[in-house]
Amino acid sequence: MRVVRNVLIGFSFLLSIWLSPAQTTPVPSTNQQSRQWFQDARFGMFIHWGVYSVPADGEWVMQIKKIPVSEYEKYAPQFNPTEFNAAEIVALAKSAGMKYITITSKHHDGFAMFGTHQSKWNIVDATPYAKDPLKQLAEECRKQGIKLFFYYSQLDWHNPDYYPLGETGHSAGRPEGGDFDHYLDFMDAQLTELLTNYGDVAGIWFDGMWDKPKADWRLQRTYSLIHKLQPAALVGSNHHSAPFEGEDFQMFEKDLPGANTAGFNKAGVSQLPLETCETINGSWGYNANDHNFKSVPELIHYLVRAAGSNANFLLNVGPNSHGQVQAEAVERLHAVGEWMQKNGATIYGTRGGPISPRVWGVTTEKGSEVYVHILNWKDDYLAVPQVSGIKGARWFRSGEKADITPLNGGMLLKIPERQRDPVDTIVVLERGGS
Ligand code: FHN
């Protein structure tokens, strides 16, 4: 009996680990469950917020305007975001249909938006605000059932130990010399604070490795630290290369997976859970002169096309120096949320569908249903490739039967005017038994 029990225990252990095709080491079940949740979530809020919101010229102002540390630090005493309301921001994300928030804990300027003890260059010690917005946000996310990721920039334009310099940060006025390993210790210490003092963290969103791609970033040490402190936390890094060992999702920037119109996405699409991120206007960090807000249909199409590419959509807002999200962004997020309330079933919990993305639209699938999202098609008929096992079709919005017939090895869909939707006409293909 004991032998049988031991065999069963051994077998259940083997079941609890899983080899992800993109990795050679087993992925623990806690991490696997997080990846599953992440893929089901499909939609998140990116928040770029920091002391750069004071000059209100985007998060690269220190680099672009060649501002030395000595001058840049003068923005901190002006940063007093008394209008910041964590409950409102979390509620805004929920109203948009977002399931998680990814907020900048530290961007390239090195300014920590949390009460770190590793340096005084942070919102608690260096500003009149003197409070920890990430602590407030973490508590609100727990209350409102939203998961929280922390963006963390490995690139640092402020820390003198970020040396030798990479592509950027040459106007910061830091002294020559500096110990990069000491900087990495500093980084690991800040990550330890974030993964110890803020409750459950859904993941760490790294950025900035592209500044010194050939440096020894001690990735495995840092990734092991994260997975040890919070085994359910996911690791992703926006290094624009193929995923490294220890990374749990792959992100793309300003393009869908596999596309590279913006020049950031040089890597192929891995087997890891995928996410693409984009700005709601043209800037990540608050830019007072950027009124180039995307329309609601554009944002919905981005979300649907991301899901059709088996990816999440991380949509960014940049709060101002008072801690407020721009009214134009709030308005658009509410409108996207109304669409998600009606159509979210064709996005949440789905995976990329059996027909690969097309100019006319994409497909997503969940269980026995395939959702055909017709985003850009004016004709009365649409020919699509055959999808196996289809026993029927219906219009998602009206529930009425859809007229789809076999044609030359594919399927011909008739699209009556009354079934059309100006943003996304959705047909549900119902799969049979076998
Ligand atoms: O340089 C950053 C940029 O400021 C922003 O954070 C984006 C968001 O994905 N990432 C880097 C550019 O690739």
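Predicted model: local features only at pLDDT ≥ 70, side-chain atom pairs only at ≥ 80, totals over all residues.
Residues are numbered from 1 along each chain as its sequence is written. Local features need pLDDT of at least 70, side-chain atom pairs count only at pLDDT 80 or more, totals for chains, interfaces and linings use all residues, and side-chain values use heavy atoms, without hydrogens or water.

A cavity is a set of points on a 1 Å grid over the protein atoms alone where a 1.4 Å probe fits but cannot get out; lining residues have an atom within 4 Å of a point. Points are joined across faces, edges and corners, and the volume is the space filled by probe spheres set on them.

The largest cavity has about 70 Å³. It is lined by 14 residues, and His240, Ser241, Gln250, Met251 and Ala267 are the closest to its centre. Strand 6 (residues 250–253) gives the largest share of this lining, three residues. Strands are DSSP runs of E, at least two residues, numbered from the N terminus. By class, the lining holds six nonpolar, six polar and two charged residues. Here Ala, Val, Leu, Ile, Met, Phe, Trp, Tyr, Cys and Pro count as nonpolar, Asp, Glu, Lys and Arg as charged, and the others, Gly among them, as polar.

The second largest cavity holds about 30 Å³. Val372, Val384, Ile404, Leu413, Val427 and Leu429 line it. This lining has six nonpolar residues, no polar and no charged ones.

Strand 14 (residues 404–407) and strand 15 (residues 410–414) run antiparallel, joined by four bridges; pairing takes at least two DSSP bridges. Leucine 407 stands opposite glycine 410.

How values were computed: 1 Å grid on protein atoms, 1.4 Å probe; cavity = no way out; pocket = protein on both sides within 12 Å on 5 of 7 lines; lining within 4 Å.
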